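Take a look at the model shown here. The report below goes through helices, strands and a ligand site.

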Amino acid sequence: MVEIVRFTDFLLEQTIVYSLWQAPFAADKFAPIATNNDLSKVKRVLDVGCGPGTNTRYFDHADYLGVEVNPKYVAEARRKFNREFVVADVTTYERDRDGGFDFVLVNSFLHHINLEETHRVLDRLRTWVSPDGYIHIIELTSPGDRSIAQLLADWDRGKFARPAHEWKDIFAQHMDIKIYQPFPVCVWGNPLWQLVYCKGSA
Ligand SMILES: C[S@@+](CC[C@H](N)C(=O)[O-])C[C@H]1O[C@@H](n2cnc3c(N)ncnc32)[C@H](O)[C@@H]1O
């Protein structure tokens, strides 16, 4: 079983496999952000752990910077979008100047890093968001039951999915939470993943 999970991790590192795998679900994952915010008013976006540019298309009208550790994903993002992408490890990434992003997007990234790194990244994000801006986090939760959603969380490449209440405790230490909304991503009415949307200000 461990070998199968490692093999699927390897496959998902390949841009084409990841893009095909997430494509049917990407809009559903992004839906709470689209529903709760007027994206046409967004001015400057930082997309943290942006993958192959999964969510870049929502921000055609805004300044945009995607940061991603996998160079293959970044090459694909650059091929598809004429936007700025940086290959960097977000847990150690330094910016020349702080502040300035009114929309910091962290979609399905934090469950890839451990607790210490999560606190470090969230601390940094606070300094990168503008005074009128918000941090928008979509995260994978671990329901703690015998559901398919729990199985998929266990199999995920990111090894740090957490129960929704744990994520909330972590986020509350770094931001003033405006929205905290658990939601499922379903196929034919069956929840495959349990996620949470958190919107907060620094
Ligand atoms: C589940 S994917 C989400 C990608 C994209 N945000 C999306 O919504 O499809 C998690 C992403 O985080 C990236 N990642 C993992 N650890 C990272 C790190 N330390 N620094 C930057 N990116 C990282 C992975 O390479 C992957 O692209």
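## What covers helix α4

The buried residues of α4 are covered by elements that include β1 (44–48), β4 (101–107), β5 (129–140) and α6 (164–172). Contact here means that two C-beta atoms, placed from the backbone, lie within 7 Å. Helices (H or I, at least four residues) and strands (E, at least two) are DSSP runs, numbered from the N terminus.

This is a predicted model: local features need pLDDT of at least 70, side-chain atom pairs count only at pLDDT 80 or more, and totals for chains, interfaces and linings use all residues. Residues are numbered from 1 along each chain as its sequence is written.

Thr118, Val121, Leu122, Arg124, Leu125 and Trp128 are the buried residues of α4. Seen down the helix axis, they fall within an arc of 165°, so they line one face of α4. The arc is that of the directions from the helix axis to the C-beta atoms. On the other side of α4, Leu115, Glu116, Asp123 and Thr127 are exposed. A residue is buried if 20 or more other C-beta atoms lie within 10 Å of its own, exposed if 12 or fewer, and partly exposed in between; C-beta atoms are placed from the backbone.

Helix α4 (residues 115–128) has 14 residues, which at 1.5 Å a residue should span 20 Å. Its end C-alpha atoms are 20 Å apart, which agrees. The expected span is 1.5 Å times one less than the number of residues.

## Helix α3

Helix α3 (residues 71–80) has buried residues too: Tyr73, Val74, Glu76 and Ala77. Their arc around the axis is only 160°, which puts them on the same side of α3. Pro71 and Arg79 are exposed on the other side.

Nine of the 12 residues of β5 are buried, so β5 is largely enclosed by the rest of the structure. β5 pairs with β4 in the parallel sense over six bridges. Val106 has Ile137 in β5 as its bridge partner. With strand β7 (residues 190–201), β5 pairs in the antiparallel sense, over six bridges. Ile135 stands opposite Gly200 in β7. Strands pair if DSSP finds at least two bridges between them.

Strand β6 (residues 176–187) and β7 are antiparallel, with 11 bridges. Phe183 has Leu195 in β7 as its bridge partner. Two residues lie between the strands of this hairpin, where Trp188 takes a positive phi near 50°.

## Around the ligand

The ligand has 18 residues around it, and Gly49, Gly51, Thr54, Val69 and Asn107 come nearest. A residue is near a molecule or strand if its C-beta atom, placed from the backbone, lies within 6 Å of it.
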